[in-house]
Amino acid sequence: MKVLVTGATGEVGSELVKELLQRGAGVRALTRRQRKPDTFPEAVEMAVGDLSDPVSIGEAIKGVDKLFLLIGAENVPVELTQALTAYGLAKKAGLKHVTYASIYRADQFLEVPHFANKYAVEEAIREGGMPYTILRPAYFAQNELHLKAELTGIGVYPVPVGNQGVAVVDIRDLAEAAAISLTEEGHNGKTYDLVSSEMLSGPNAAATWSKLLRKEIAYTGHADFDGFEAHLRKRGSPSWLAYDLRVMYQGFVERGFSNTEDQAARFAALLGHPPRTYSSFAEELAREWAVT
């Protein structure tokens, strides 16, 4: 059994490649450009292709059995076209299963462009007739990898996640769930919310990092979304992405992005172990930063 992994060099895809190999699955990694031979373990096939180029995706799909479909954040403006193209070609080729990485509560934040894209793809997959699993991961704990300067330097937690509690998942648990859905029976037609037992809030994040870094960390708050959007653009984010993230975080603050204990328990049952938490990842990251 061989799986085509889209986004194979990204944070999620690279973890999934490892998980699939551990389970004895064949892996074909889709990359947009030719990579060095040591990019992946020797057992991994590489296919060069672009999700905006149906011809290259059609070639990449030949000879595989299943598809892991993830559209990276940088492709939001073309996400719907890319996802539906890959799905359509996979269905045409007779693949046995597609696992699609969507987003938690995709149907409840349709004013956010990347949520709306993912929900439209979900619906197309549900109606498309091909065996599928939909994974709905929450806020990535690994997003905090980009906050080293703010946390270790000026001492602020700058993400406007609000006070209500935002659901979190570790990318490694997402990759494990994807591998399970692609290599084990019983997941056809299922949609899984990928959330942990611990939620993120601005004040709690500041307290967590204050303890781990042994310095005072202040939460910058969530009162000025115009300023947040402008700051993202100033730091080099594409204009569309700055708007997308502004609307997303504003929605989190106004309506919440929390999860229930039952949802976390269902995810734990899928994994066979408790999902990693925000604080456990923060501890790992603080140790890593301490030696770099």
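The model is a predicted one, in which local features need pLDDT of at least 70 and side-chain atom pairs count only at pLDDT 80 or more, while totals for chains, interfaces and linings use all residues. Residues are numbered from 1 along each chain as its sequence is written, and side-chain values use heavy atoms, with hydrogens and water left out.

Stay with E122, which lies in helix α4 and is buried at a relative accessible area of 0% (buried is under 20% relative accessible area, exposed over 50%, and partly exposed in between, with a 1.4 Å probe and protein chains only). If its neighbours within four places in sequence are set aside, E122 is in contact with Y100, S102, I103, A106, I134 and R136, contact being heavy atoms within 4.5 Å.

**Salt bridges**

Now select K118 and E79, which form a salt bridge whose closest N and O atoms are 2.4 Å apart; the term covers a side-chain nitrogen of Lys or Arg within 4 Å of a carboxyl oxygen of Asp or Glu. This pair links distant parts of the chain, K118 being in helix α4 (residues 113-128) and E79 in helix α3 (residues 79-92), 39 residues apart. Helices (H or I, at least four residues) and strands (E, at least two) are DSSP runs, numbered from the N terminus. Both K118 and E79 are buried.

Because E45 lies in strand β3 (residues 45-48) and K2 in strand β1 (residues 2-5), the pair ties together parts that are 43 residues apart in sequence. E45 counts as partly exposed, at 30% relative accessibility.

The count of salt bridges comes to 19.

**Around Q142**

Select Q142, found in the loop between β7 and α5 and counted as buried at 7% relative accessibility. Its side chain reaches the backbone nitrogen of I171 at 3.0 Å. Leaving aside neighbours within four places in sequence, the residues in contact with Q142 are E11, V169, D170, I171, R172 and F281. Two of these, D170 and R172, have side chains that meet in a salt bridge (2.8 Å, N to O), and D170 is buried at 1% relative accessibility.

**Helix α9**

Finish at α9 (residues 239-255), whose 17 residues reach 24 Å from first C-alpha to last, close to the 24 Å expected at 1.5 Å a residue, where the expected span is 1.5 Å times one less than the number of residues. Its buried residues pack against α4, β7 (139-140) and α8 (225-234). Just after α9, select G256, which takes a positive phi of about 80°.

Terms used
A polar contact is a pair of N or O atoms within 3.5 Å; within protein, one must be able to donate a hydrogen and the other to accept it, and residues adjacent in sequence count only if both atoms are side-chain atoms.
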